[in-house]
Amino acid sequence: MKRRIYGLETEFGIIWTPDVAHRKTLTVQNVVMYLFREIVAGRMYPDVFLENGARFYQDIGCHPEYATPECDDVAELVAHDKAGERIITRLASTAERRMRNDGFYGKISIFKNNLDTPGNTYGCHENYLMERHVDFRQLASQLIPFFVTRQVFAGAGKIKPSHRGYYAISQRAEHIREEISIGTTTARGIINTRDEPHADREKYRRLHVIVGDSNMSEFSTFLKVGTTGIILRMIEDNFIQQRFALRNPVKAIRDISDDVTCKHPIELQNGKRLSAVELQWQYLECAKRYLEQAESDPTTTQIMARWEYVLTCLESDPMQLDRELDWVIKWKWLQTYLSKRGFEWDAPQVKHLDLKYHNVRQEESLYYTLENRSEVERIVKNEQIRHAEHFPPERTRAKFRGKFIKKVNEGKILCGVNWSYIQLYEPYQILYLSTDPFKPEFDEASRTIYSI
Amino acid sequence: MSTEKQQEHLKRHVDETEDMQPDVGTGEMDEEFVEDLDTLLDEIDEILEEDSQEFVENYIQRGGQ
């Protein structure tokens, strides 16, 4: 499948800090209610689609969640993922104003990470539309070693207890308990079997990936989704002939996360021992051979160049990627800060700074402090992100959904919307289905909605 | 991202890849670097204005997906 639908869902962590003088506390539930108040206007549930085609809702565990609209380009997806951060940031400012009017003075912090202090986890799920014909067991066996090892460039980094070596590559690795499972809140698997394509089931499946970390770095997001897309193309075309099966993938994902040198050898079922980087090289070499005979495009060329660059650096010294990869950027700046300010790794200030890396409110964020001083590599421009906050992607079904939402919001028309349908209630009484996410217009629906 | 922009970005990236030698700066540049770093560290101090211990301890979420 050359053209693919990609989507990212991010669950944000949220906390309210009251001003010292006021000290009135609020529960997370209350804060989330304030956050949603501006956009849910009269609805029963905090669950809405936005004019850029995205969905914003309250998920399990009281987490606000932003699901990007359907994108068919990975760079465009990065812009839409970042647009979600900007939207929730704006909502937080409005919510704080309303809260002050109600006598609650303080600040909302919003984190795009995967762990709270005691170690509860929340996710960033990736979605890939795939060809239905692929045998699922084969898909899983070829993807597991890839997902276990891609954390070397996709991990978001975390501080760990000092007796275990201070710093680990991935936030999610320790919360992965199975190779394959359907669970997303317990017994999380490297492969998740949820399959809701929101499209023609005969033709497509949706691969729902829950094993990855949330990324602040545009570069990490771009590479995480981009390389996975290329691997899926090869699997759909039955191109991968090597056997990378690991002896114990669940142990391997933790062992790799625990080794910041990226050299820890993991055991394959055939008895060979390879590091995560060596295994990624095998996938990259395979992808190069694949693209010698398959059609490419500029985004794919960019993904391939960055993938090779990253593996080359990881092989000699991961610290060379301190502008590109989340786990390395954060590691570098935590180290710099603690050494200049005389803190130990287990100091609360260092844990505090780890959290602040992931704050999406720019004035409160380590990541954005670095971005604003050009200390990190970008994939998209701020104008592209601003555009994505208000406009849906042009080439997918999200285009019509976005236009529809804008129109019904302006006209205050009651409607029902989901990924694959839109519904107008009285007096129109119409339901439109779209089983083709690559088609930007719902023909009949367009005529009706524009006539309103 | 437009094709031109992508290629421009990629080119910049590949240039960086080829040029991985560490900068051997002059004394002046080093000074500038230290100053920049100090300003950045001050900015980081500012984002840690709350009580770190309390903030970290209070950061408790219900598990999500």
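R55(A) stands opposite A67(A) in β5(A). The two strands concerned, β4 (residues 55–59) and β5 (residues 63–67) of chain A, pair in the antiparallel sense over 5 bridges, where pairing requires that DSSP finds at least two bridges between two strands. Helices (H or I, at least four residues) and strands (E, at least two) are DSSP runs, numbered from the N terminus. This is a predicted model, in which local features need pLDDT of at least 70 and side-chain atom pairs count only at pLDDT 80 or more, while totals for chains, interfaces and linings use all residues. Residues are numbered from 1 along each chain as its sequence is written, and chains are lettered from A and ligands numbered from 1 in the order in which they are written.

Strands β4 and β5 belong to an open sheet of 6 strands in chain A, with the order β3-β4-β5-β1-β7-β12 and antiparallel pairing. Because β3 (47–49) and β12 (204–209) of chain A stand at its edges, each with a single partner strand, one side of each is left without a neighbour in the sheet. Helix α1 (residues 28–40) of chain A packs on this sheet, touching β3, β4 and β5 of chain A, and its direction makes about 150° with that of β4(A). Helix α2 (residues 74–101) of chain A lies across β1 (6–11), β4 and β5 of chain A, running at about 25° to β1(A). Axes are lines fitted to C-alpha atoms, for helices over the stretch in contact, and angles run from 0 to 180 degrees between N-to-C directions.

An open sheet of 3 strands in chain A has antiparallel pairing too; its edge strands are β15 (415–417) and β17 (430–433) of chain A, each of which pairs on one side only. Here β15(A) and β16 (residues 421–424) of chain A pair in the antiparallel sense over 3 bridges, and the bridge partner of C415(A) in β16(A) is L424(A).

Between the chains, 44 residues of chain A are in contact with 28 residues of chain B, contact meaning that the C-beta atoms of two residues, placed from the backbone, lie within 7 Å. The elements that give two or more residues to this side of chain A include β2 (13–18) and α8 (298–316) of chain A.
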